[in-house]
Amino acid sequence: MVELGVNIDHIATVREARKTNEPEPVWAAALAELGGADGITVHLREDRRHIQTRDVEILRKTVTAKLNLEMACNPEVLEIACRVRPEQATLVPERREELTTEGGLDILSQKTRVHDTMKALQDAGIGVSLFLAPDLAQIEMAKELGAQAVEIHTGHYANTVGTAREHELEIITVAAAKIRELGMKLHAGHGLTYHNVLPICRLPDMQELNIGHSIISRALMVGMTTAVREMKELINQ
């Protein structure tokens, strides 16, 4: 059965728009778990544009499902991760100018930095997933570096339609097969919605999907627990 990780970053985005104390990401995480979330995902960015250090600290104490911390190879965030010890850390690229994560982490060009960050996390007992484009060379390097899982960046798939989307799905399918062949866990995320998620979750041995914006958007209309439950029921078809 495919696990659903619910990214609650944009609950904090609304809070930080006014620099106030609501809405509370911790409440959102609890409601997501009531809706059937198998994990809670948050991205502690260097610029702290949404999730704050205190959010991660409190979530570590309150989340009963898996806590997945998205992070760049940043020494300050690494120190926080090793102290808080989420079950999983997902290494992602990060630029201050971007609205959201724009692509997969290029581990070929920063092999040593990624290796050192991964080792520190794994030495702290934290499982490591790498957020990568569906590129075979990147995936093979992930295995060489010792990653337990690879999360395929599905943004290009999500942003296309028709034959272009079918082409992107073919690329993802080949990449997913390579991840399974190399013995790593298969995850996917970015841009997935209620309308495009099924072909991704039907890939063989898909273990985890991380979805945020679409669920939070729906939650504004129907409530967090219902929005999560509907996504969970959809991917379980």
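Q: What counts as a cavity here, and what counts as a pocket?
A: On a 1 Å grid over the protein atoms alone, a cavity is a set of points where a 1.4 Å probe fits but cannot get out, while a pocket is an open set with protein on both sides within 12 Å along at least five of seven lines. Lining residues have an atom within 4 Å of a point. A volume is the space filled by probe spheres set on the points, joined across faces, edges and corners.

Q: What kind of model is this?
A: It is a predicted model, where local features need pLDDT of at least 70 and side-chain atom pairs need 80 or more, but totals for chains, interfaces and linings use all residues. Residues are numbered from 1 along each chain as its sequence is written, and side-chain values use heavy atoms, without hydrogens or water.

Q: OK, how many cavities of 30 Å³ or more does the structure hold?
A: One. The volume of this largest cavity is about 40 Å³.

Q: Which residues line the largest cavity?
A: Glu3, Leu4 and Gly5 are there, then Asp38, Gly39 and Thr41. Lys66, Asn68, Glu208 and Asn210 complete the lining.

Q: And which elements give two or more residues to that lining?
A: Four strands do: β1 (3-7), β2 (39-43), β3 (66-71) and β8 (206-211). Helices (H or I, at least four residues) and strands (E, at least two) are DSSP runs, numbered from the N terminus.

Q: Where does the largest share of the cavity lining come from?
A: From β1, with three residues.

Q: How does the lining of the largest cavity split by class?
A: One residue is nonpolar, five are polar and four are charged. Ala, Val, Leu, Ile, Met, Phe, Trp, Tyr, Cys and Pro count as nonpolar; Asp, Glu, Lys and Arg as charged; the others, Gly among them, as polar.

Q: Switching to helices. At what angle do α3 and α4 pack?
A: At about 15°. The axes of α3 (residues 53-62) and α4 are 10 Å apart. That makes α3 roughly parallel to α4. Axes are lines fitted to C-alpha atoms, for helices over the stretch in contact, and angles run from 0 to 180 degrees between N-to-C directions. Under 35 degrees is roughly parallel, over 145 roughly antiparallel, 65 to 115 roughly perpendicular and the rest oblique.

Q: Which residues make the contact of α3 and α4?
A: Thr53, Val56, Glu57 and Arg60 of α3 meet Ile80, Arg83 and Val84 of α4. Contact means heavy atoms within 4.5 Å. Three of these residues are nonpolar, one is polar and three are charged.

Q: What about α4 and α5: how do their axes cross?
A: At roughly 20°, coming within 9 Å. Here α4 covers residues 75-84 and α5 covers 111-123. These two helices are therefore roughly parallel to each other. Leu78, Ala81 and Cys82 of α4 touch Thr117, Ala120 and Leu121 of α5. That contact has five nonpolar, one polar and no charged residues.

Q: And where do α2 and α3 meet?
A: Pro25, Val26, Ala29 and Glu33 in α2 meet Asp55, Ile58, Leu59 and Thr62 in α3. By class, five are nonpolar, one is polar and two are charged. The axes of α2 and α3 cross at roughly 35° and come within 10 Å.

Q: Last topic, the backbone. Which residues does a cis peptide bond join?
A: Glu22 and Pro23, with omega about 0°. Pro23 sits in the loop between α1 and α2.

Q: And what is phi of Arg48?
A: Near 55°, a positive value in a residue other than glycine. Arg48 lies in the loop between β2 and α3.

Q: Why point those out?
A: Because most residues other than glycine have a negative phi, and most peptide bonds are trans.
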